[in-house]
Amino acid sequence: MELGVLRAWRSCLAGISMLVASVSLIAPATAQMLAPVEDASPPGDAPASFSALAKRLMPAVVNISTRQTVSTGDGLPNFPSGSPLERFNEFFGRDQDGLRRVASLGSGFIIDPEGYVITNNHVIENADEIDVVLSDGSVLAAELVGRDAETDLALLKVSPDDQLEAVPLGDSDNAEVGDWVVAIGNPFGLGGTVTAGIISARDRDINQGRYDDFIQTDASINQGNSGGPLFNLRGEVIGVNTAIYSAGRGGGSVGIGFSVPSNLTREIIGQLRDSGEVRRGWLGVRIQAVTQELAEAYGLRRPQGAIVTDITQGGPADEGGLEVGDLITAFNGREVNETRDLSRIVASAEIGGEARTRIIREGDAMSLTLIVGALDEDGADGDEDADAAPDLSAITNVLGVKLRELTAEDRRRYRIPASIEGVIVYDIEKGSDAVGKLSIGDVVTEVSFQAVSTPEDALAEAEAAADDGRPILIQIFRDGDVTFRSLRPIS
């Protein structure tokens, strides 16, 4: 039996050797081989220890302690003064007036020896009192200078007896994926804690707001680290630790943390320090993301830019000649690859300044000059997913939909304003590309950038696009919004 097993192994090894030889012969002909790494040793700037860096930076990192007074409407008893049970009020977290005090902890860092401290907005939001706890245990009462919920940043001011240790904001644009980083903070209220890792990704959108542009790191970040700094090896802050992805309800680190880039932080904190508030640029448009099909309809090889779906009357876009259906590819000298790019670029543009805007309109590239306005209230970008269309009988036209002219009943039923002109969708063909893209009650206002007022107009424009081999670009009105869909024609 042992000899048989040995022979079997020899036979198996021989087969593996032949397979390896075969693979080595065919690999160069079937795939592009990567060149071997010449030097696999650690990079020259990788330290043997982070101790010297941590020792230098720790005095500039602080703990943030907040307290908030809330009402007693929580269903718990409140025992009156003099009652034998009065001592239980303290057990329930109540003061002598019967009000309950809620405390929370976070992190921050000093950016100016005079006592300016950066932290997260969510760390100090709704706080009645804020204390900054220095690395030596000293406690300083803090004043809120300003905060910005959109980027989750806040600026505090303390009044120390002596100048404080401060750290500089670095250039986050120079931070590369794979760079070493060090996070220092106050996880779970434990006090100054140092963790290290690398930058895992950049430009992350985690659906926290219109201006998402996070640095992702695997340096451990946990509850209480919020507002703390993310350092490079030069001791510069390249990010403000803000959020984590966490498995389960425990909220522990799984190696995926997010930081607000220092360049965005510098811009926001500068405004908070100067005026206590943040002012952002505004165009007065609603925009929609570009899919591959929409890109082809605009003559692009890949999705790029943002499509204008609505324009505020009298706003900067309206005054500057922008039109619904324009695809913005660049703004103020910066490329627009997706909708969030445009939101961030416009927000940071100089209010009242001129911004050269590159667009595609009806297949032609052109430029406009827009005057940037000031954002007064929140808007919304992007589009909504269309509801799936019902399973209906076959329809024989290039669009795969039945259209009719708008009636007064249509306008009442689907809440279509009198200002909207076009034709309404009232039937959709099973298996057509319109399924899932159009819904019954949609108003088709344009086909291939041409306004339509009758079903015949719409079908004629659609057939012309199909004859040219182009996707059919349709502008629709639905639930108060204008949006775009690209349809493959039915042959």
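How many of the residues of helix 8 (residues 339-348) are buried? Please also describe the surroundings of this helix and the other packing features.

A: The model is predicted, and the description below rests on that model. Helix 8 is mostly covered, with nine of its ten residues buried. The buried residues are T339, R340, D341, L342, S343, R344, I345, V346 and A347. They pack against six strands: strand 9 (193-204), strand 14 (281-282), strand 15 (285-289), strand 16 (306-311), strand 17 (327-331) and strand 18 (334-335).

The nonpolar cores come next. The largest nonpolar core has 24 residues, of which V167 and F231 touch the most other members. Two or more residues of this core come from each of helix 2 (51-57), strand 3 (116-119), strand 7 (153-157), strand 8 (180-185), strand 12 (237-244), strand 13 (257-261) and helix 5 (262-275). Apart from this core lies another, of 20 residues, and L342 is among its members, as are L283, V285 and V336. L342 is also one of the buried residues of helix 8. Returning to V167, its contacts beyond four places in sequence are L57, A60, F109, I110, I111, F231, G235 and V237.

Aromatic rings form a further topic. Three aromatic pairs are found in the whole structure. One of them joins F214 and F258 in an edge-to-face arrangement, with 6.3 Å from centre to centre and 65 degrees between the planes. This pair links distant parts of the chain, since F214 belongs to strand 10 (residues 214-217) and F258 to strand 13, 44 residues apart. F214 counts as buried because its relative accessibility is 8%, under the 20% cut-off. F258 likewise counts as buried, at 1% relative accessibility.

The ring of Y116 has charged groups over it. The charged end of K157 sits over this ring at 5.5 Å from its centre, and the charged end of R273 sits over the ring of Y116 at 3.9 Å from its centre.

Beyond its neighbours within four places in sequence, Q475 is in contact with V324, V443, V444, T445, E446, V482, T483 and F484.

Definitions and conventions:
Residues numbered from 1 in each chain as written. Predicted model: local features only at pLDDT ≥ 70, side-chain atom pairs only at ≥ 80, totals over all residues. Heavy atoms only, no water. Contact = heavy atoms within 4.5 Å. Core = buried A, V, L, I, M, F, W, Y, C linked by side-chain atoms within 4.5 Å. Buried < 20%, exposed > 50% of the residue type's maximum accessible area, 1.4 Å probe, protein only. Helix = DSSP H or I, 4+ residues; strand = E, 2+ residues; numbered from the N terminus. Phe/Tyr/Trp six-rings, centres within 6.5 Å; stacked < 30°, edge-to-face > 60°. Lys NZ or Arg CZ within 6 Å of the ring centre and 35° of its normal.
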